[in-house]
Amino acid sequence: MNTDTLTRLSKALPSKLRKRLEATTHDELILSFDPLTPEDLRLGQSRAGGVPDLPDSLEHPAGLQFLCQINLAEVPRTPGTSLLPSEGMLYFFYDMEDQPWGFDPAHKGKWAVLHADTISGLRARPGAAKANPRQIRFTSERRLTDPEFAPEILSGSGSWRKQQEAGE
C-alpha cells in the first residue's frame, strides 16, 4: 500500500481503527537507480558505480572497489534517517574479489564506509571504474509494517477482535 492509499484508508476508518492502523505504519526510504550519461554526471551527486568524488582529506581505500556515494543533503528526512548527518557525503567501498560476509575477524579491512563533513572541495578520483555510474534517487513512502495485519484491522477478525470483545 502506498502513502496515498494509506491516507485515504485512514480517513475512511472509525477513530479506533484509524489509530490501530497508524500504529502499524512506518516511513520507508526507497532508492532508485537511473543510468547516467557523461553529460548528466555531476560532482557530489549521489550515485552508484563509476569513481568517487572524494575531498583531499580522504583516500580511496586500497584494494577496495567503490560501490556508491550518498550526498546526505539529498536523503529525505524521516524518523529512520534522523540519525544521519544532514550534510556531507557517505562513501561505501567493498572487496568485490573476495566478497567477504564480514562474520570472520579476518574480513577486517575488506570493506569501508567513509564520511566527509562537507561536499566542498570534492574531486573525481581517477581509477578503473568497474561499473557504469547510476544516479541514486531517494523517495519516502508511508507503508504498512506488516501488510498481513491490514485485513485483520479492517475485518475486525483475529486477535484484535477478541481483545475488543474482552474489553481490552
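Visitor: How does Glu59 sit here, buried or exposed?
Guide: Glu59 is exposed, with a relative accessible area of 55%. Buried means under 20% relative accessible area, exposed over 50%, and partly exposed in between (1.4 Å probe, protein chains only). Accessible areas come from the Shrake-Rupley method, and for residues only the protein chains shown count as cover. This is a predicted model: local features need pLDDT of at least 70, side-chain atom pairs count only at pLDDT 80 or more, and totals for chains, interfaces and linings use all residues. Residues are numbered from 1 along each chain as its sequence is written, and side-chain values use heavy atoms, with hydrogens and water left out.

Visitor: Which strands make up the open sheet, and in what order?
Guide: Start with the terms. Helices (H or I, at least four residues) and strands (E, at least two) are DSSP runs, numbered from the N terminus. Two strands pair if DSSP finds at least two bridges between them. Strands of a sheet pair through backbone hydrogen bonds, either parallel or antiparallel. Here, six strands form an open sheet in the order 1-8-2-4-5-6, and the pairing is antiparallel. Strands 1 and 6 are the edges, each pairing on one side only.

Visitor: How many bridges join strand 1 and strand 8?
Guide: Eleven bridges, in the antiparallel sense, join strand 1 (residues 25-35) to strand 8 (residues 134-144). Ile30 stands opposite Thr139. Ser32 stands opposite Arg137. Strand 8 also pairs with strand 2 (residues 47-48), over two bridges. There, Arg47 has Gln135 as its bridge partner.

Visitor: Which residues make the nonpolar surface patch?
Guide: Patches are made of residues with over 30% relative accessible area and no salt bridge; like charges are joined within 9 Å, nonpolar side chains (Val, Leu, Ile, Met, Phe, Trp, Tyr) within 5 Å. Leu29, Leu31 and Phe33 make a patch of about 230 Å². Leu31 belongs to strand 1 and is partly exposed, at 38%.

Visitor: How many salt bridges does a search of the whole structure find?
Guide: Six. A salt bridge is a side-chain nitrogen of Lys or Arg within 4 Å of a carboxyl oxygen of Asp or Glu. One of them joins Arg125 and Glu59 (3.7 Å, N to O). Arg125 lies in the loop between strand 7 and strand 8 and Glu59 in the loop between strand 3 and strand 4, so the pair ties together parts that are 66 residues apart in sequence. Arg125 is buried, at 8%.

Visitor: Which backbone oxygen does the side chain of Arg125 reach at 2.5 Å?
Guide: That of Pro55. A polar atom of the Arg125 side chain also lies 3.0 Å from the backbone oxygen of Leu58.

Technical notes
Accessible areas come from the Shrake-Rupley method with a 1.4 Å probe; for residues, only the protein chains shown count as cover. A polar contact is a pair of N or O atoms within 3.5 Å; within protein, one must be able to donate a hydrogen and the other to accept it, and residues adjacent in sequence count only if both atoms are side-chain atoms.
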